[in-house]
Amino acid sequence: MSDTPLKCTTRHVRIFAATVGSDGILTAANDQLTLDLDPDNEFEWDAAPLTKVQQRFAELVEAAANTPMNDYNLRGIGSALEGYIRQLLQAGELRYNLNSRVLNYSMGLP
């Protein structure tokens with residue numbers, strides 16, 4: 001495996017085939033996925049929606065356990081998480097961070 005981890009990047013979800021060391025550095029891994037959620041802080045994350053997204057991520061990873069770890073499959077997980085975040089927003093369980101530097105309402109108007 002190369003030193004550059006396999007990754008999927010969407011607007012609100014970054015998934016890396018990597019581990020995070022104590023120094024915060026990503027190290028490529030072929031048996032672990034790491035989730036970076038909402039890197040631009042576009043949303044206000046309470047414990048409940050954060051836990052739901054993390055649980056959904058774990059379910060999607062488990063469902064993909066017998067498939068190859070490649071760009072295509074990681075994008076599928078990332079896209080499914082984006083859709084789930086949109087559902088949480090539309091259900092009122094998640095809200096935009098109005099103090100964010102990014103105010104483009106990428107998931108629709110609040």
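Q: Ala, Val, Leu, Ile, Met, Phe, Trp, Tyr, Cys and Pro count as nonpolar, Asp, Glu, Lys and Arg as charged, and the others, Gly among them, as polar. How many nonpolar residues does the lining of the largest pocket have?
A: This is a predicted model, where local features need pLDDT of at least 70, side-chain atom pairs count only at pLDDT 80 or more, and totals for chains, interfaces and linings use all residues. Residues are numbered from 1 along each chain as its sequence is written, and side-chain values use heavy atoms, with hydrogens and water left out. In the lining of the largest pocket, 5 residues are polar and 2 are charged. The nonpolar residues number 8.

Q: How much space lies in the largest pocket?
A: A pocket is an open set of points on a 1 Å grid over the protein atoms alone where a 1.4 Å probe fits, with protein on both sides within 12 Å along at least five of seven lines; lining residues have an atom within 4 Å of a point. For the largest pocket, the space comes to about 220 Å³.

Q: Which element gives the largest share of the lining of the largest pocket?
A: Two or more lining residues come from each of α1 (47–63) and α2 (71–90), helices being DSSP runs (H or I, at least four residues) and strands likewise (E, at least two). The largest share, 3 residues, belongs to α2.

Q: Which strands stand at the edges of the sheet?
A: The open sheet runs β1-β2-β5 with antiparallel pairing, where two strands pair if DSSP finds at least two bridges between them. Each edge strand has a single partner, so one side of it is left without a neighbour in the sheet. They are β1 (7–9) and β5 (34–37).

Q: Which residue in β5 stands opposite phenylalanine 16?
A: Strand β2 (residues 13–16) pairs with β5 in the antiparallel sense over 4 bridges. Opposite phenylalanine 16 stands threonine 34.

Note on methods
Points joined across faces, edges and corners; volume = space filled by probe spheres on them.
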